[in-house]
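Good morning, colleagues. Please take a moment with the sequence and the structure before I go through them.

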Amino acid sequence: WRVYGLGLQGSSQDNVFNNFQMVDNIPETAKLISYGLDFGYSIDPTAVVCVYKNGDDIYCNEIMYETGLTNQDVAERLKPIIGRSELICDSAEPKSIEEIYRMGINSKPATKGRDSIQNGIDILKRHKIYITNSSLNLIKEFKNYKWKVDKNGQKLNVPVDKFNHLLDALRYVALIHLKENKRGWY
């Protein structure tokens, strides 16, 4: 009834994220946290997302989502957009991070560690996430990122490795800038 009768949006119980909605613009009061980058080339796209914080809310804007880009292409396209702002990159490609850094982009590796996918998801679920309407690929990823299901239809605590390029870039930023440091807390 809520979907067909009232015209409201529904969401699958298998979706990883249900704490997001679309907005026209990022508020002027939002503070830039960082940019996130997930490397790709032939099949997977190179994905870049810009992440802002306003109070406890996270605002995201898709910057790049394209295949066939070399590191030089990425650096040339990002330089006028991000200037000297920080770019958190997938740490699996240290050579690419260094190349982009040498081309004038303030690129740094993500801190992944053990269970980084689940930890990143947990961090992002603590916040209300707003996505700009122009971020079509990011919206598609949020709507289609699902938990794996076993043969009995039970949800597993592991996401399906699809629809996650911009989400991975967002997770890299979350793992560094949005996690709560509880070191020394008792």
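Of the contacts in the chain with a separation of 6 or more, 61% are between residues 24 or more positions apart, a contact meaning heavy atoms within 4.5 Å. This is a predicted model, in which local features need pLDDT of at least 70 and side-chain atom pairs count only at pLDDT 80 or more, whereas totals for chains, interfaces and linings use all residues. Residues are numbered from 1 along each chain as its sequence is written, and side-chain values use heavy atoms, with hydrogens and water left out.

The chain has five helices and nine strands; these are DSSP runs, H or I of at least four residues for helices and E of at least two for strands, numbered from the N terminus. Their order along the sequence is β-β-β-β-α-β-α-β-α-β-α-β-β-α. Of the 186 residues, 42% count as buried. Buried means under 20% relative accessible area, exposed over 50%, and partly exposed in between, with a 1.4 Å probe and protein chains only. The accessible surface of the chain is about 10,800 Å², and carbon and sulfur atoms contribute 47% of that surface; the areas come from the Shrake-Rupley method with a 1.4 Å probe, and for residues only the protein chains shown count as cover.

Let me turn to helix 1. The 12 residues of this helix, residues 71–82, should span 16 Å at 1.5 Å a residue, and the end C-alpha atoms are 15 Å apart, which agrees. The expected span is 1.5 Å times one less than the number of residues. Which residues of helix 1 are buried? They are Asn71, Val74, Ala75, Leu78 and Ile82. Seen down the axis, the buried residues of helix 1 fall within an arc of 95 degrees, so they line one face of the helix; the arc is that of the directions from the helix axis to the C-beta atoms. Their packing partners are strand 2 (31–38), strand 3 (46–54), strand 4 (57–66), strand 5 (86–89) and helix 2 (94–102). Just after helix 1 comes glycine 83, with a positive phi of about 60 degrees.

Helix 2 is next. Ser96, Ile97 and Ile100 are buried there. These residues cover an arc of only 100 degrees around the axis, which puts them on the same side of helix 2. They pack against helix 1, strand 5 and strand 6 (106–109). On the face turned away from the buried side, helix 2 carries the exposed residues Pro94, Lys95 and Arg102. Glycine 104 follows helix 2, and its phi is positive, near 100 degrees.

Asparagine 106 lies in strand 6 and is buried, with a relative accessible area of 15%. A polar atom of its side chain lies 3.4 Å from the backbone oxygen of arginine 84. Leaving aside residues up to four places away in sequence, asparagine 106 touches Arg84, Ser85, Glu86, Leu87 and Tyr101.

Finally, the cysteines. How many disulfides does the structure hold? It holds zero, a disulfide being a pair of cysteine sulfur atoms within 2.5 Å. The sulfur of cysteine 50 has its closest cysteine sulfur in cysteine 60, 8.7 Å away, which is too far for a bond. Cysteine 50 counts as buried at 2% relative accessibility, and cysteine 60 counts as buried at 0%.

Note on methods. A polar contact is a pair of N or O atoms within 3.5 Å; within protein, one must be able to donate a hydrogen and the other to accept it, and residues adjacent in sequence count only if both atoms are side-chain atoms.
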